[in-house]
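Dear colleague,

Please find below the structure that I am handing over to you. My notes on what was found in it follow.

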Amino acid sequence: MHSMQLNGRLVNFEAGQTLLEVARANEVPIPTLCHHPGLESHGGCRLCVVEVTRAEWDGWWRMVSACEFPAADDLIVATESERLSRTRRNVVDLLLARCPETPFTVALGRDFGLAKSSLAPRAEPDDCILCGLCVRVCAAVGAHAIAGADRGVHKQVGPPYAPPSFERPPGLAPAGDCIGCLCCAEICPTGHIRYENNAQGREIWGRSFRVVECASCGAPLGTPEQLDHFAARSGLSRDYFERCDACSKLDTARAFDQQVMGEGTS
Amino acid sequence: MLIESVAALRARQAELSELWAGLERRVLVCAGTGCVAGGALEVHAALTQATEESALDVSLELSSCADRDGPGGTLLVESGCHGFCELGPLVHILPDDILYTRVRPKDAAAIVEKTLGAGEVIDRLLYKDPVSKEPRQGHGEMGFYAHQKRVVLARCGEVSPASLDSYLATGGFCALATALDTLTPEEVLREVEQSGLRGRGGGGFSTGRKWRSALRAREARPDSRLHVICNGDEGDPGAFMDRSIMEGDPFAVLEGMALGAFALGSTRGYIYVRHEYPLAVRRLERAIAVLRDAGLLGERILGCDFSFDLELTRGGGAFVCGESSALMRSIEGKPGEPRAKYTHSTDRGLFDEPTVLNNVETWALVPYIVDHGAAHFAAIGTERSPGTKAFSLVGKVNNTGLVEVPMGTTLRRIIFEIGGGIQKGRAFKAVQTGGPSGGCLPAEKLDLPVDFDTLTAAGSMMGSGGMIVMDERTCMVDVAKYFIDFLMGESCGKCVPCREGLGQLSSLLAQVTRGEGSESLLSKVESLAETMELASLCALGRSAPNPVLSTLAYFRDEYLQHIEKQRCPAGVCKALVTYRITEACTGCEACRKACPVGAITGEKKVLHVIDDALCTRCGACEAVCAFDAVLVE
Amino acid sequence: MSEAKRLFVTPGRCIGCRGCEIACAFAHPVRRPGGHRPSDQPGKSRIRTFPMSAERHVPVVCLQCEEAACQAVCPTGALQRNEASGAIEVLTERCVRCMMCVVACPFGNVHDEPAMREIVKCDLCGGDPACAKFCPTAALEYAVRPTRNPPPKPLHSVAGGTRGQMAGAVSTTGPSVR
Ligand SMILES: Cc1cc2nc3c(=O)[nH]c(=O)nc-3n(C[C@H](O)[C@H](O)[C@H](O)COP(=O)(O)O)c2cc1C
Ligand code: SF4
Ligand code: SF4
Ligand code: SF4
Ligand code: SF4
Ligand code: FES
C-alpha cells in the first residue's frame, strides 16, 4: 500500500492513481473542467491545480494539474491555498472573458465570486471553452472525426477545415468521419455543439444523417454509420445492433417462454 | 565507399589529414542560407570557372587533390556559414586569412588572378571597421572573430559540409572510432557526465544526468527500446545557431547522436528539423545517405557489434513543436501539442519508451567531448556552465551574425567587442536573450558574465542563444508587446492560462502603448503573469510572461510614462508621439515628397510643417530627412 | 460453480403482478443531470415482465453475462463487474452515453434514460436485489444454488455469428440466471 500526505492528512492510494482520484476517494474536493473519468486526461483547463512538494525538496514546490499528476509515495499535496485560489480565480476569469454570455461560464464565474470578468471580453464570442472533451470523446468512440484546428486564441474544434456551426461556408468538406453519434454534443459542458433530430433524421457538424429504426417497433436506433461503426469496432455482428432495447427484451422473454414451454411438454 | 573496420577508418583519416595538411590554400565560399540568398552559389560557380581557365592547381574535392601533381594545391569549396551573414556572400581564403565580403560573380576573375595567382589582397572587397572605416584583412584583424572561441562552430565555414572526406580530415569520427575500439558505453556516458555538459536547447539541463536516467529507465524495462532524438526545430525568431550547425557541420551532429546511441544502447534515432530549413534538411539527408554508404550508420557500424540508424522528420513549423513532448507527439504523427511532463520523457517519451532528446548544439558537442576528454571541456567556460555557447547576435549592433564564446563572457564583450557596438553610435538600451520568452536586460547588466544561471537570476534566460540588441530608440513596452504577440500566435491553445492569458496580456499592453490604463492595469498584468507562470501546462506558457516581467522590472518607469504622462520616451508608440519639423529644416522638400498621406506642406527653401491631424506616424519623413530636422516626441 | 449468490428467474411461477418493476423503479430513483442527490421520484425499472398469454408471464432482467457484449463494446470502461455482487454496473461518471451498449446487448437489458442523461441497467441493487424481495411467488430469487445453467456468454457462443443464432444461445442457457 502506498501513502502520501493530502492537506496534512496521511492517505493511502493505489499505484497508478492520479492526485485527483486520490483526492476524490478521500472526499477532498478539487474543481475540474476538462476532466472526464472515462476519457484520457487533457490537462487543458488548469482549474484542478494543486501544490505538491516533498520533504527533501527543501521548501521548493510546484503547481501541477491534479487530473494528470501521478500520486507518489511521500508526496505532500495541498489542494487549497491563497495562491491556488488566486490562480483558479484567474483561470475562471480568463474563461469568463472568453465566453462572457455563456450560461455555463457565467455560473462558473459566480461559483468563484466573479459577477463578470475583470478582463476584456472576446470580440465575437462563441460558447466553446476549448476543454477538448468533444475531441476526446469522439476519439474514444473511435470516430476521430473532430479535432482542434489552428493555434492559440484562434483555436477551434470541429471536423477538419470546418467551423463548428451549421452555417458552414460553402466549399468546405462535410465532416467526413463523423458517424452522427452525438456524443460530442452530449458531453459538451457549454452546449456549444448544435445538433438537430428531425423528421428527416439528424444533423450535426453540417452533415445530415438518416436514422435507422428498430426492425420490429420502429423506434429510432441511431444512424447507419453509427451502427456500422459499432459493429466494426466491437467485432460483433451487425445484427446485434438492429433492435431497440425494448424489443430485444421482448424477444428474450419469448425465447425464455419457448424454453419453459418446451420443458413443460417433455 | 564502405569503410569496413575501425582500423580502415583510422587509415582513411590519416590519409585525408595528410592531404589536408598538405594543401597550399583553401578557398571557402560561404554557402550558408544567408550567403546563398545573396548569390554565393553563383560566386562559387564563377570562381570555379575562373580557376579552370587559369593555370592554377585547384581542386573541388579533397580526394582529388591527390590525383593531381602530388599533394598540395588549392581546394575550392562551398562551406557552411561563416557567421558574418550580414556582409555576405563571403569568401575566405586560408591560410592567408583574407576575408572578402559582398563578393559578386564578376569579382571572381580578379580574386583568382590577383589573390590566388599573385598573392595580392583586393582592398575593395575587405571588411571596413565600422568605427575607423579602415579595411581589415581577415578574421585575425576583426573584433567579430578575434574574441570568439569556436568549438561547436569550428568546422562551420572551414570545410565543405557535403564532404565526408573533409570531416574525416579534420578529426571527424575520431571520437566514434575511439568509442568503438577502446571505450565501453559506460565510459562514454561517464565522459559526458563528467564534462558537465548542459543542454543547449533552453533549459540547460545536465546532459549526463538525462542520459543516465534514460538508461536506468530502459534497464528497468528490458523489453523497451531507447530512442535518441535531435531537436532541430529552432523556432525562435532571429535564431540560427542550430541551422548553421546542421547546414555547416551536419556530420558532427550525426556523430554526436551515434555516440549517444552507443553509450545508451539505442539503435534508433530521429532528427526533427523545422520545415522552413530546406537547406539543413537537404544537407542532413545527404549526410545520412553518405554515412550509410560508408558503413558509419546502419547495421554493424564499422563491422562492430553496434547498429544505429536515423530518420529525419520535418517539423510542422509551429514554435511549440520545439517543446519536447510536443515534438515527440509530432514524430509519432499526432498533433504537436505538449503534454504534462509529470513522467519524464527519459522514462516515457517517444512511443512511451525511454527517450533522450537533445538540442542540435548539444549533440554536436558530444564528439568534441569524447575526443578531447571531459576535463578539457570542463575547463572551458564557467564552473557550473562549462564549454562555449553559440549565439545569434542580431539587432542594433554593428556586426550581426553567429558568434561562439566561452560561457562566462560578459554581455559587454559580446555586444561591444564582437558586435562592434551599437549602430550609428547610438546608446545601448537593452539586450533581449533567450528567445521570445526570454527577458530584456538593461545597461546595468552589461557586465554580467553570461551563463545559464546568471541569466536566469537576472530575470532572463539562456534559451537557445538568441541575442537581440536594442538601442535608445526602442520602446520597451513595444518590445514586450512584440514578443507577447509572437507567443500569442504560437501558443498551441491547449491550456487556458497560456492561450487566454497571452491574448489578455496583449490587449493590456496595447492599452499601455495607447497611453491608457492606470497602475491597476499593471497589477492586472502581474497577476495574470503569475497565473501563467504557475499554472500553464508547458514551458511556453510558463515562461511567456518573461518579456513583460523583465521589462517591468527594469523599465517600469517607461511603462508609467506611457500610462501617466501619455508619453513614449523612445518615440515609438504611434498614439503617443508627434512628428514635428524643427528649425534645422532647409526646405529641401524631400519629406514632403516622401509623406504618403500628404501631411507635409512647405515651399522650396521654406521651413516645412506637418499637419498633425493627417500624420499617420509612419516615419517616412524622418527617414528621408538629411538634416535631422524631423523631431519625434 | 462459485458460492456467490445469483438472481434466479423461474418464469413458471410469475403471475405478472409487476411488483418487481415497481420495486426496481423505487430502488433506483431519478437523479437529475448534474445533481448528485437522488430524488424520491421512481426511476426507470431495469426489469420488465412480459405477458405471453393470460397465464404465462416472463420477467426479463440482465443476465450478468460472463462475456458481456455491453462490457465489450464500451469505449470508456464504464461497465465494470462488481466482484462482490457479480453485477455489471454502469460507472456513470465514466459513461459518455454513446449508446453502444444499449444496442449491443442481445437481450435488451441496457437502457438509456434520457431524463437523467444516464445509461441504466440492473446492478443487483449492489447485492440486495429489491425485485427478488418483492416477488410474492419466488419467481425471482437471490440465492446460492447449484445450477445447470451458467450465465450466458453471448460473445463466446456466437463469435462471428448472428443474432439468429443468439436466440438459440438464450434458450439453451435457460432462464435461470445468477
Ligand atoms: C515552447 C518551447 C520551444 C522550444 N523550442 C526548442 C527548439 O526550437 N530547439 C531546442 O533544441 N529546444 C527547444 N525547446 C526545449 C526543448 O523542450 C528541450 O528542452 C530541449 O530540446 C532539450 O535539449 P537539451 O537538453 O539539449 O537542451 C523548446 C521548449 C519550449 C517550451
Ligand atoms: S457525433 Fe460525430 S463528431 Fe460527435 S462524437 Fe460522434 S462521431 Fe464524433
Ligand atoms: S465544443 Fe464543447 S466539449 Fe468541445 S471543446 Fe468546446 S466546450 Fe469543450
Ligand atoms: S502553455 Fe501554451 S503552448 Fe503550452 S500547452 Fe498551454 S497553450 Fe499550449
Ligand atoms: S453508453 Fe456508457 S456504458 Fe454504454 S457503452 Fe457507451 S460509455 Fe459505455
Ligand atoms: S481538470 Fe485537470 S486540467 Fe482540466
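**Surroundings of Thr101(B)**

Apart from its neighbours within four places in sequence, Thr101(B) is in contact (heavy atoms within 4.5 Å) with Leu87(B), Pro89(B), Leu90(B), Leu125(B), Leu126(B) and Tyr127(B). The model is a predicted one: local features need pLDDT of at least 70, side-chain atom pairs count only at pLDDT 80 or more, and totals for chains, interfaces and linings use all residues. Residues are numbered from 1 along each chain as its sequence is written, chains are lettered from A and ligands numbered from 1 in the order in which they are written, and side-chain values use heavy atoms, with hydrogens and water left out.

Thr101(B) lies in the loop between strand 5 (98–100) and helix 5 (108–118) of chain B; helices (H or I, at least four residues) and strands (E, at least two) are DSSP runs, numbered from the N terminus. With a relative accessible area of 7%, Thr101(B) is buried, a term that stands for under 20% relative accessible area (1.4 Å probe, protein chains only).

**Interface of chain A and chain B**

The contact involves 34 residues from chain A and 29 residues from chain B. Between them the two chains bury about 2600 Å², 55% of it on carbon and sulfur atoms; buried area is the accessible area (1.4 Å probe) that two parts lose on being put together, summed over both. On the side of chain A, Arg46(A), Leu94(A) and Arg151(A) lose the most area to chain B, together 24% of what that side buries.

The rule finds 5 salt bridges across this interface, a salt bridge being a side-chain nitrogen of Lys or Arg within 4 Å of a carboxyl oxygen of Asp or Glu. Lys155(A) forms a salt bridge with Glu337(B), with the closest N and O atoms 2.3 Å apart. Helix 2 (82–98) and strand 4 (62–65) of chain A each supply at least two residues of the side that touches chain B, and helix 2 of chain A gives the largest share, 10 residues.

**Ligands**

Ligand 1 has 19 residues around it (a heavy atom within 4 Å), of which Gly201(B), Lys210(B), Glu234(B), Asn359(B) and Thr362(B) come nearest. An oxygen atom of ligand 1 is 2.8 Å from an N or O atom in the side chain of Lys210(B).

Ligand 3 is surrounded by 13 residues, the closest being Cys128(A), Cys131(A), Gly132(A), Cys134(A) and Cys188(A).

Yours sincerely

Conventions:
Buried means under 20% relative accessible area, exposed over 50%, partly exposed in between (1.4 Å probe, protein chains only). A polar contact is a pair of N or O atoms within 3.5 Å; within protein, one must be able to donate a hydrogen and the other to accept it, and residues adjacent in sequence count only if both atoms are side-chain atoms.
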